[in-house]
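Please find below a short note on the model under review. The points are numbered so that each may be taken up separately.

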Amino acid sequence: MKTIPANEREGRRKAVLLHRATTPDPDAYKCPIPGCGRPTQAGAGKGLSLYHCRYHIQLKNRHGSMWKRTYLAAELLPYRRAAARYLKANADDFWIAAALKALRSLMEGAGPVERMSDVLWHLTPPQKARAALARLRRAEIPPSRLLMIHLAVSGAVAEDPIGPGGPPGEYRLTQIAKAVHRLASGYHAVYGPGSRYDRYPRSAGLALRHLGRMIDECCAHVVREHLGGILTMKAAPMPAGRE
């Protein structure tokens with residue numbers, strides 16, 4: 001029996017996959033998201049999904065949900081303020097101190113700050129997540145800010161009347177990662193007056209899921225023990241003279 005070389009097998013596999021992704025499937029359904037009705041990726045010959053259209057697949061890739069977009073800064077602001085006040089009032093709590101220590105270790109162990117060209121094209125999703133943490137370290141973002149963002153997003157998701165659907169926790173982890181990612185997202189170089197270079201990695205994809213999961217592993221105990229107290233503080237009237 002003739003043995004097919006590994007590179008030839010890989011080439012054949014890619015050719016079959018490309019044919020499937022670009023050939024419309026007449027048996028594919030319409031996208032079931034209410035109000036959509038577009039052909040699915042497989043039905044339009046623009047991907048492999050038999051159940052959702054390209055638009056909603058990309059929406060989930062960017063935001064973590066097929067129908068919920070990223071929270072606006074104004075929507076998260078009450079939760080961020082409540083989380084900041086709560087963390088300040090409970091700085092000596094065991095779980096909060098442990099989370100801050102774990103977040104600091106996470107950033108310190110993220111490795112070198114990668115060149116943006118490498119981050120954009122050559123790194124795997126876990127490596128891109130670590131590269132984002134390295135940029136946060138270089139920008140001197142304190143661990144307390146990461147914890148505050150984590151608690152704010154967790155609180156917003158917990159009180160949101162519209163569920164995000166999808167795998168449990170995916171939207172929350174994606175939203176945590178997107179909010180953290182914005183703190184130090186790009187590479188900036190100034191060469192002289194009126195001459196600079198700015199490059200930003202896409203805030204989408206599996207790298208966001210990995211980044212959100214890494215941060216969540218450091219902060220999960222704080223959410224379990226203190227999220228209720230933070231939501232209670234958010235609902236309480238703001239003290240006079242305080243933001």
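1. Throughout this note, contact means heavy atoms within 4.5 Å. On that basis, and leaving aside neighbours within four places in sequence, Ala99 is in contact with Leu147, Cys218, Cys219 and Val222. The model is a predicted one, in which local features need pLDDT of at least 70 and side-chain atom pairs count only at pLDDT 80 or more, while totals for chains, interfaces and linings use all residues. Residues are numbered from 1 along each chain as its sequence is written, and side-chain values use heavy atoms, with hydrogens and water left out.

2. Ala99 belongs to helix α5; helices (H or I, at least four residues) are DSSP runs numbered from the N terminus. Its relative accessibility of 1% makes Ala99 buried, a term that denotes under 20% relative accessible area (1.4 Å probe, protein chains only). Ala99 and Ser144 are separated by 45 residues in sequence, yet their C-alpha atoms are 8.8 Å apart.

3. A nonpolar core is here a set of buried Ala, Val, Leu, Ile, Met, Phe, Trp, Tyr and Cys residues joined through side-chain atoms within 4.5 Å. The largest such core has 44 residues, of which Leu133, Leu136, Leu147, Leu151 and Ile215 touch the most other members. Two or more residues each come from α4 (73-89), α5 (94-108), α7 (125-138), α8 (143-159), α9 and α10 (206-235). Helix α10 supplies the largest share, eleven residues.

4. Not counting residues up to four places away in sequence, Leu136 touches Met107, Ile141, Leu146, Val180, Leu183 and Ala184.

5. In helix α3 (residues 54-63), the residues His56, Leu59 and His63 are buried. Viewed down the helix axis, the buried residues of α3 fall within an arc of 50 degrees, so they line one face of the helix; the arc is taken from the directions from the helix axis to the C-beta atoms. These buried residues pack against α9 (170-181). Just after α3, Gly64 adopts a positive phi of about 90 degrees.

6. Which residues does Thr174 contact, leaving aside its neighbours within four places in sequence? They are Arg62, His63, Gly64, Leu208 and Arg209. Thr174 is located in helix α9 and is buried, with a relative accessible area of 0%. A polar atom of the Thr174 side chain lies 2.7 Å from the backbone oxygen of Glu170.

Key
Buried means under 20% relative accessible area, exposed over 50%, partly exposed in between (1.4 Å probe, protein chains only). A polar contact is a pair of N or O atoms within 3.5 Å; within protein, one must be able to donate a hydrogen and the other to accept it, and residues adjacent in sequence count only if both atoms are side-chain atoms.
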